Amino acid sequence: MFKLLGNCGQIINSRNLTSCLTAKFSRSTASISSRRKHADTLPPHQFQHRHSAGNSKTFENQSRASFSKTIAAMATGGGKDRKPSHTNRLIEEKSPYLLQHAHNPVDWFPWGQEAFDKAKAEDKPIFLSVGYSTCHWCHVMEHESFENTDIGRMLSDNFVCIKVDREERPDVDKVYMTFVQATTGGGGWPMSVWLTPDLHPFIGGTYFPPEDSAYRPGFKTVLLRITKQWQSHREDLVSNGERILAALKKGTSISASPGETPPPGPDVAARCLQQLAHAYEEVYGGFSQAPKFPTPVNLSFLFSHQALHRSSAEGAQALHMALHTLRMMALGGIHDHVAQGFHRYSTDDSWHVPHFEKMLYDQAQLSVAYITAYQVSGDEFFAEVARDILSYVSRDLSDQSGGFYSAEDADSYPTAEATKKKEGAFCVWTEQQIRELLTQPVTEATGGATRADIFIHHYGVKEQGNVRPEQDPHGELAGQNVLIVRYSLEVTAARFDLSVPRLKEILRGCRQRLAEVRRERPAAHLDSKMIAAWNGLMVSGFARVGAVLGEKVFIERAEKAARFLRDHLFDAASGKMLRSCYRGEEMGVEQISKPISGFLDDYAFVIGALLDLYEASLDAGWLEWAETLQDRQDQLFWDDQGSGYFSSEATDRSVLLRLKEDQDGAEPSANSVSALSLLRLSHYTGRREWAERSRHILAAFSDRLIKIPIALPEMVRALTAQYHSLKQVVIAGQPHSQDTRQLISCVNSHFVPNKVLLLADDNTDSFLYQRLPVLTSMTPQGGKATAFICKNFTCSLPVTSPEELRKLLME
């Protein structure tokens with residue numbers, strides 16, 4: 001019997017691969033959960049290794065606009081002015097990731113029928129490569145393998161090669177990542193999978209080095225072995241692929257039995273807190289050792305749990321874990337102290353040396369986490385970090401149309417003359433550079449200190465660089481400094497005999513000067529793709545921060561982004577969301593010829609955003625659109641047999657599995673978000689069936705909620721809201737009157753997780769009054785704006801002062 005190389009470096013007999021797969025499914029999922037959450041950006045030594053590469057066939061198409069060629073040439077990271085020697089059909093795409101590969105000597109196809117037909121007609125296996133444009137190890141693999149003409153020829157001669165942007169097609173990515181994770185216990189990108197012409201996977205993994213090493217074979221060797229086995233043992237591979245698909249279908253099933261109810265909310269929440277406390281790293285915060293991720297879903301759960309247990313020890317524990325983690329992150333190098341925003345993750349346990357890419361979904365969720373920290377603590381420090389994030393997004397990730405771009409890359413050219421990119425080059429500093437830029441003396445400081453002396457002390461800058469060799473395996477950060485706050489403002493001020501306000505002023509000026517210089521450096525690649533789901537998360541960020549701080553400019557930015565979603569990522573004729581659109585020539589918004597339909601998270605995140613936007617703007621039009629989208633989501637994704645939502649529609653036959661995401665990871669799962677949004681919508685619309693549908697979701701995920709709630713902290717929040725019921729906070733008054741605004745400000749200034757806010761403005765023709773006729777009975781008392789708090793169809797006595805309202809909110 002022939003053998004194939006398995007993903008862990010071992011040899012796997014093809015006949016026992018299915019039993020291996022089944023065994024993987026049956027093991028405890030807790031250990032896999034931590035790897036799955038953030039596999040997208042981990043370096044190869046953190047997960048199982050596999051990948052693939054280049055080709056010599058070229059596909060010249062002269063009809064492509066020069067704009068796309070320019071973008072593709074810039075994206076590859078090769079010689080900046082070198083004329084490409086190859087062009088393949090990806091030049092016709094708009095995805096920045098696919099365009100990065102448009103000049104590989106590989107006969108790449110996008111995911112689609114043309115590639116599938118070719119595989120069947122030529123009886124070839126498919127090589128599927130999945131990644132995204134700001135993925136560091138995707139760049140490494142492109143340079144090592146996909147740009148290699150010999151490897152490219154091997155690929156094109158023996159396989160049909162398909163390249164997929166995982167951010168465009170999460171449905172395709174989820175199917176084959178599920179296979180890779182199930183068969184290896186790990187995963188990540190770039191992902192490499194070999195398929196039969198019927199799209200059944202038979203082997204796969206992540207990164208492959210191009211040549212053999214002492215510990216694993218190189219990509220060339222793997223290609224040769226698979227080619228040989230396809231030629232001599234094809235029937236075994238095909239039948240094996242069918243068995244694997246059957247095992248995947250069985251192992252990924254999530255459903256509720258008829259009449260099944262959700263698990264008990266308090267018990268699940270208590271277990272989730274216990275599991276988070278067990279994972280918590282006490283010195284620097286966070287919920288793992290290195291590498292360390294922000295995990296906003298964990299922080300959201302902790303804040304919600306604390307709000308329900310304010311006077312208990314477990315409430316204090318939850319609050320401490322959340323606030324300490326957020327503070328240490330903000331002080332660390334994962335926070336960009338010069339240009340604002342947060343990097344993807346920290347490679348060490350002290351949040352110091354980051355993986356330098358910046359993702360929109362991180363900025364969105366962290367802005368909410370920091371403004372929540374401000375609500376519960378009253379510490380202005382957290383509010384400033386929230387403002388900092390939104391400033392970065394407004395400046396660097398915003399399209400003039402109102403949409404938000406997806407990401408900034410970790411890699412960039414160190415100088416304008418450089419021909420090779422380095423990770424973090426755009427962000428790091430030598431001590432000499434800082435001393436040359438910040439020469440001004442600070443006359444009132446002790447010892448004749450310059451601004452450079454103060455800045456270097458406060459941010460831990462060292463002459464030899466402050467990055468340890470073990471944090472820099474490729475030597476790209478040698479002699480460089482990643483800024484990290486080493487001392488409190490009070491300690492640094494005392495060190496130089498300055499007042500704290502004066503120190504703040506000096507440091508602010510230093511950061512501004514460094515930011516000016518950074519803008520002159522070669523910029524990191526910008527993924528200008530605009531994704532509906534991630535834009536939804538960012539709308540929530542701007543809306544929530546704007547509402548809490550009372551800063552109208554943030555709310556207006558959220559409204560502009562929501563209009564962008566409606567104008568560019570919503571098909572009014574069909575009532576369906578679209579997945580993505582793209583920045584085109586002359587900064588216009590472009591769409592591909594056959595737009596990608598929205599997936600579950602596109603609906604769920606946008607619906608949640610519209611509910612947040614209503615509470616910030618009190619424009620009921622956003623609620624009306626949310627109701628429309630929720631109806632469409634139910635039609636397209638709901639599982640009538642087992643409850644819960646599938647991640648994708650049933651119409652695309654090329655997607656072999658309809659999965660339900662069971663992990664709140666770098667982004668919350670769409671089922672988790674929907675479970676809470678359905679509850680909120682039921683209170684805004686009076687449609688009780690949506691509250692019941694929320695219960696069905698929670699019942700479907702009962703097993704996971706009971707055993708490892710740490711995997712679904714956002715869903716635990718929804719379960720808790722179901723258990724305690726939501727409060728309806730109704731403010732009766734005219735929206736622009738001072739007394740109405742005071743009551744609304746009181747509501748927004750306090751973190752009350754299980755509530756919905758409504759404005760009863762006596763506009764009986766509005767959406768809210770049509771859905772909730774009871775609002776006609778809620779009117780201002782004694783000529784003053786009045787607050788009513790209702791729960792389980794019972795309302796408190798009306799109050800007219802913010803002080804009285806605060807007491808009711810805090811009960």
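**Reading the chain**

Reply: Start with burial. Of the chain's 811 residues, 62% are buried. Bear in mind that this is a predicted model.

Me: How many helices and strands does the secondary structure come to?

Reply: The chain has 30 helices and 23 strands. The accessible surface is about 30700 Å². Carbon and sulfur atoms hold 49% of that surface.

Me: Which residues touch the most other members of the largest nonpolar core?

Reply: Tyr 370, Ile 731 and Leu 805 do, in a core of 149 residues. Apart from that core lies another, of 56 residues, with Val 172, Val 180, Val 193 and Leu 659 among them. Now go back to Tyr 370. Beyond its neighbours within four places in sequence, Tyr 370 contacts Leu 326, Met 329, Ala 330, Phe 342, Phe 382, Val 385, Ala 386 and Ile 389.

Me: How do I read an aromatic pair?

Reply: Two values describe a pair of aromatic rings: the distance of the centres and the angle of the planes. This structure holds 24 aromatic pairs. One of them, Phe 127 with Phe 219, is tilted, at 5.9 Å centre to centre and 55 degrees between the planes. Phe 127 sits in strand β4 and Phe 219 in helix α9, so the pair ties together parts 92 residues apart in sequence. Both Phe 127 and Phe 219 are buried.

Me: What is the geometry of the pair Phe 381 and Phe 382?

Reply: That pair is edge-to-face, with 5.4 Å between centres and 80 degrees between planes. Phe 381 is partly exposed, because its relative accessible area is 26%. Phe 382 has a relative accessible area of 1%, so Phe 382 is buried.

Me: Is Thr 221 buried or exposed?

Reply: Thr 221 counts as buried, because its relative accessibility is 17% and the cut-off is under 20%. Thr 221 lies in helix α9. Its side chain makes a polar contact with the side chain of Asp 212, at 2.7 Å.

Notes:
Residues numbered from 1 in each chain as written. Predicted model: local features only at pLDDT ≥ 70, side-chain atom pairs only at ≥ 80, totals over all residues. Heavy atoms only, no water. Core = buried A, V, L, I, M, F, W, Y, C linked by side-chain atoms within 4.5 Å. Buried < 20%, exposed > 50% of the residue type's maximum accessible area, 1.4 Å probe, protein only. Contact = heavy atoms within 4.5 Å. Helix = DSSP H or I, 4+ residues; strand = E, 2+ residues; numbered from the N terminus. Polar contact = N/O pair within 3.5 Å; in protein donor to acceptor, adjacent residues only side chain to side chain. Areas by Shrake-Rupley, 256 points an atom, 1.4 Å probe, with all protein chains shown as cover. Phe/Tyr/Trp six-rings, centres within 6.5 Å; stacked < 30°, edge-to-face > 60°.
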